[in-house]
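Dear colleague,

I am passing on the structure below, and my notes on it follow. Please read them with the coordinates open beside you.

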Amino acid sequence: MKIGIVYDLIRWEERALIDAVKKLGHDLVPIQVNRKVFWLTEPNGFSELDFAIQRCVSFYRALASTAILEEQGVTVVNSFNIIRDCEDKLYTTLKLSRNKIPVPKTAVSFNRETCLNIAEKLGYPLIVKPIFGSWGRMVSRALDKDSLLEILDFREYMQSPYFKVHYLQEYIDKPSRDIRAFYFWEEVPAAIYRVSNSWKTNTALGGVAVEAELSNELIELVKRSGDVMGGGILGIDILESKDGRYFISEVNAIPEFRNTVRVTGKDLARLMIELTIKNIKQ
Ligand SMILES: Nc1ncnc2c1ncn2[C@@H]1O[C@H](COP(=O)(O)OP(=O)(O)O)[C@@H](O)[C@H]1O
Ligand SMILES: [Mg+2]
């Protein structure tokens, strides 16, 4: 098969995927988006690809290059719609909730006064998140009305219009960890706890990965959540409450998996390629 790997930076994950494609005996077509011209009005020679794995760190590059590849006839994993829906936390929460997947209580508002109404319902602490972003950046916890107003004040002076969409969420009082589960084409090949002293458990912020053995109930929840978001290759984040309930916090459509491979010993890059081939052939 001819398999494209679409990327802007080469992280450990992209290197692992490139190696896996080669080791499995397929033809690798690296697509380094920063070095390419993408004609919108002419073919770009992608039509020979059987599929491409999208790995751009930049959301905009990922979305733009996926749109071009798809419109020019290439199956991209994940698809344009999945990347867009997962990247946008507002949309992810809406979609999961509409499909009866448990998510923390969440509301959106566009000005500070109405945010105070949300806060009255959610209580403090509550979480304020950018609708786009990762690595825990600018995800904030308001401990009381004053700190909420301060956070909103910062957001309203940011240049990007996205910060003026205030996404407020119930704080889940979790143990000092959350769960990252991988969903590959209706399978759940691996999961980790991200253990941290900080309430933000991102490994990018020092959260420590520990292998997690998921209950059948949790595996089912991960599968249903992945299906709702459209399938493919996903990293699904789960918060546990102290009274034993689970909530889906977010879904990543271009997930990092280095730490999961390190602590579980599972070859996720190889599995990603193998399961994609199997599911695309069907
Ligand atoms: N509602 C919440 N209650 C408690 N902790 C949360 C909540 N939402 C997020 N967190 C913590 O903050 C971290 C970052 O939030 P997340 O929504 O995953 O943003 P990012 O996309 O930047 O990773 C999560 O990994 C989790 O530990
Ligand atoms: Mg996250």
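Domain bounds here come from an automatic or database domain assignment. This is a predicted model, in which local features need pLDDT of at least 70 and side-chain atom pairs count only at pLDDT 80 or more, while totals for chains, interfaces and linings use all residues. Residues are numbered from 1 along each chain as its sequence is written, and chains are lettered from A and ligands numbered from 1 in the order in which they are written.

The assignment gives domain 1 (2-77), domain 2 (105-170) and domain 3 (173-281). Around ligand 1, the shell takes at least three residues from each of domain 2 and domain 3. It holds 23 residues, the closest being Ser 134, Gly 136, Ile 172, Lys 200 and Thr 201, where a residue is near if its C-beta atom, placed from the backbone, lies within 6 Å of the ligand.

The centres of domain 1 and domain 3, taken over C-alpha atoms, are 24 Å apart. Their contact involves 16 residues of domain 1 and 12 residues of domain 3, two residues being in contact if their C-beta atoms, placed from the backbone, lie within 7 Å.

Domain 1 and domain 3 each also give at least three residues to the largest nonpolar core, which has 54 residues; such a core joins buried Ala, Val, Leu, Ile, Met, Phe, Trp, Tyr and Cys residues through C-beta atoms within 7 Å, buried meaning that 20 or more other C-beta atoms lie within 10 Å of a residue's own. Another core, apart from that one, has 13 residues, among them Ala 119 and Tyr 167.

With best wishes

Notes
Buried ≥ 20, exposed ≤ 12 C-beta atoms within 10 Å, placed from the backbone.
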